[in-house]
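Visitor: I would like to go through this model step by step. Please take my questions in order.

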Amino acid sequence: MAQEFANALKKSWRRNDGYMEAEDAVVTWCVGHLVTMSYPEAYDPRYKRWSLETLPFLPREFKYQVIDNVSKQFQIVSRLLNRQDVDTIYICTDSGREGEYIYRLVDQMAQVGDKKRRRVWIDSQTEEEILRGIRDAKDWSAYDNLSASAYLRAKEDYLMGINFSRLLTLKYGNTISNYLRTDRTVLSVGRVMTCVLGMAVRREREIRSFVKTPFYRVLGTFLPPGQAEGGQAYAFEAEWRSTEGSRYFGTPFLYKDNGFKEKKHAQELIDFLSEDRPLTAAVAKIEKKKETKNPPLLYNLAEIQNDCSKMFKISPDETLKIAQELYEKKLVTYPRTDARVLSTAVAKEIHKNIGGLKNFGPLGVFAGEVLEAGTYKSIAKTRYVNDKQITDHYAIIPTGQGLSALGRLSPLAHKVFEVIARRFLSIFFPPAVYQKYSLELERMKEHFFAGFRILVDRGYLKVADVSGPKKEAAKEGEASEQFQKNVDNPEFIRMLGTLKKGMVLEIGGFAIKEGETSPPKRYTSGSMILAMENAGQLIEDEELRAQIKGSGIGTSATRAEILKKLVNIKYLALNGKTQAITPTLLGEMIFDVVNASIRQLLNPDLTASWEKGLTYVAEGSITSDEYMEKLERFVAGRTGNVMRLNNQYQLREYFDAAAQYYKK
């Protein structure tokens, strides 16, 4: 990154150890964090030994130290910041909470005196954006609230992690070790991580306790008049549903309104419907309506992580690495973003991003089409541009630059770039248009329903690479709004156009279709990230997701890392092939311990409310002191509660209940 800044400034640079210097400027860099919070023993050697007597640990002043293995780079940066001939410091760390924190700690440790400090805030690493960032840099004090929330985030994770990990290890570590017959167990507890563990364990237990319910649906095969002879091309199925007037309406035999709990009742219905001849049904209702489907919103980090987990079966951590690489190669904008829209300022210049994609093989034609049609000119008036929905950065989009680097990328990174570019170009295309037919047929006061969906105009789908309309099959066991099929047979579509109310159709026969209710799905690495973004709810509906933005667990920058940590410490298992997440026995035992001691840590709403509090500090609506007071009260209160508990023995029955699923 430092190299990109140096290149953009176009000076004759001399390269030194850990920095570059020109006649009137110096560029240097951090390597991630250079400074960290000190361990408790730095406050007092007695804290080295873990003991209940020394808890809760709530220091008045926090101590910080340089991280050993990067101390050389810290010394270099510190010396440069304090050089007599340096009068202005441009802070160009990542434009986000963590980037702010990295620099503030260095500044604090280096004890930088009275110098001008300006904050560079950029959305991509293109040369023009870097130069704009330097030109428009504000005084660093404009970011004091963001800095305060960064310090608090670290203090919160530190205090909860140290106090609760020590507390629960001292209280329950032996209980777990004795049960598992291991040497010793250290319990790792964290504000976000324990909550995520809770989501995975609860889901696993829901799946275990789920009891499948069989049900039986009745389907009829219908043929338009005169098509009985060899007219299979026109035959279609419709599903029986209990409506008012049906002999089964309101009876206890039904499973929902489109099936029976027992097969015998389904057979009984078929026998009843087959009594009279000829076997015909009348069209009771036919509705025809157009349906449009708009291009989805742009990608933020959680959405691209979810899609890559589904498409390429890679973990959120890998997706973030690739997105970061694409950003560093100037191909896409800043990846650690929660926003799924663009800013008005970017919308004005968007033709540059589109223009660059004309040289990107798979999508060149589409980029050309957008520029020719000029659809980008009105994008600011659409739902894809909204300044109110952007906190730090807008959505992830291609910059239109850096395409020469594509050849050096792995095939997977190439694919991820293409996915981002397709999503981006989609928003400049019209919606996909479907023609929908809803059909209701009647025989002997019993009603059958069918629905058909025809793709009339692909619209944005041609660039979004959704290979044909996805089968949106109704979930087994749910009363499908229509027994709906996507159709593309021109003869069949013509036949649908001829159907009218009152028309009599022949019935080819009836059949019983057996189904069973399905348990909840396991989280995948991608769907877990989405669920974290939505405060523990896995919301499939995109519009709904947009509404509850900003109340998530963790941040776009930290979620993948937290998931990775839970897998590394063996609380969760991640299936590399399917990306499905399951708890381990140890993970379930930790869950039971936390549930019996500090249950609030498992509550996504509570965890999300801490995160929201940090946002309030960043916005300046509450002070650091107010937040800190609430945090210390929480830590001290929960520590006191756990000390008074005496429930180690009762935990055995919970451990036994979980252990039966892990017998070798």
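**Surface patches and ring pairs**

Guide: This is a predicted model. A place to begin is Asp271, which sits in helix 7 (residues 263–274).

Visitor: Is Asp271 buried, partly exposed or exposed?

Guide: The relative accessibility of Asp271 is 43%. Buried means under 20% and exposed means over 50%, with partly exposed in between. Asp271 therefore counts as partly exposed.

Visitor: Which residues form the negative surface patch?

Guide: Asp271 is one of its members. The negative patch is formed by Glu268, Asp271, Glu275 and Asp276.

Visitor: What is the area of the nonpolar surface patch that includes Met643?

Guide: Met643 is found in helix 20 (residues 624–644), and it is partly exposed at 33% relative accessibility. Trp50, Leu52, Leu170 and Val186 make the patch together with Met643. Its area is about 370 Å².

Visitor: How many aromatic pairs does a search of the whole structure find?

Guide: A pair of aromatic rings is described by the distance of the centres and the angle of the planes. Searching the whole structure gives a count of 26.

Visitor: Is the pair of Tyr248 and Phe260 stacked or edge-to-face?

Guide: The ring centres of Tyr248 and Phe260 are 5.0 Å apart, with 75° between the planes. Planes over 60 degrees apart count as edge-to-face. The pair of Tyr248 and Phe260 is thus edge-to-face.

Visitor: What is the relative accessible area of Phe260?

Guide: Phe260 lies in strand 12 (residues 259–260). Phe260 is buried, and its relative accessible area is 0%.

Notes:
Residues are numbered from 1 along each chain as its sequence is written. This is a predicted model: local features need pLDDT of at least 70, side-chain atom pairs count only at pLDDT 80 or more; totals for chains, interfaces and linings use all residues. Side-chain values use heavy atoms; hydrogens and water are left out. Patches are made of residues with over 30% relative accessible area and no salt bridge: like charges are joined within 9 Å, nonpolar side chains (Val, Leu, Ile, Met, Phe, Trp, Tyr) within 5 Å. Accessible areas come from the Shrake-Rupley method with a 1.4 Å probe; for residues, only the protein chains shown count as cover. A salt bridge is a side-chain nitrogen of Lys or Arg within 4 Å of a carboxyl oxygen of Asp or Glu. Lys and Arg count as positive and Asp and Glu as negative; His and the chain ends are not counted. The place of a charge is taken as NZ of Lys, CZ of Arg, CG of Asp or CD of Glu. Helices (H or I, at least four residues) and strands (E, at least two) are DSSP runs, numbered from the N terminus. Buried means under 20% relative accessible area, exposed over 50%, partly exposed in between (1.4 Å probe, protein chains only). Rings of Phe, Tyr and Trp (its six-membered ring) pair if their centres lie within 6.5 Å; planes under 30 degrees apart count as stacked, over 60 as edge-to-face and the rest as tilted.
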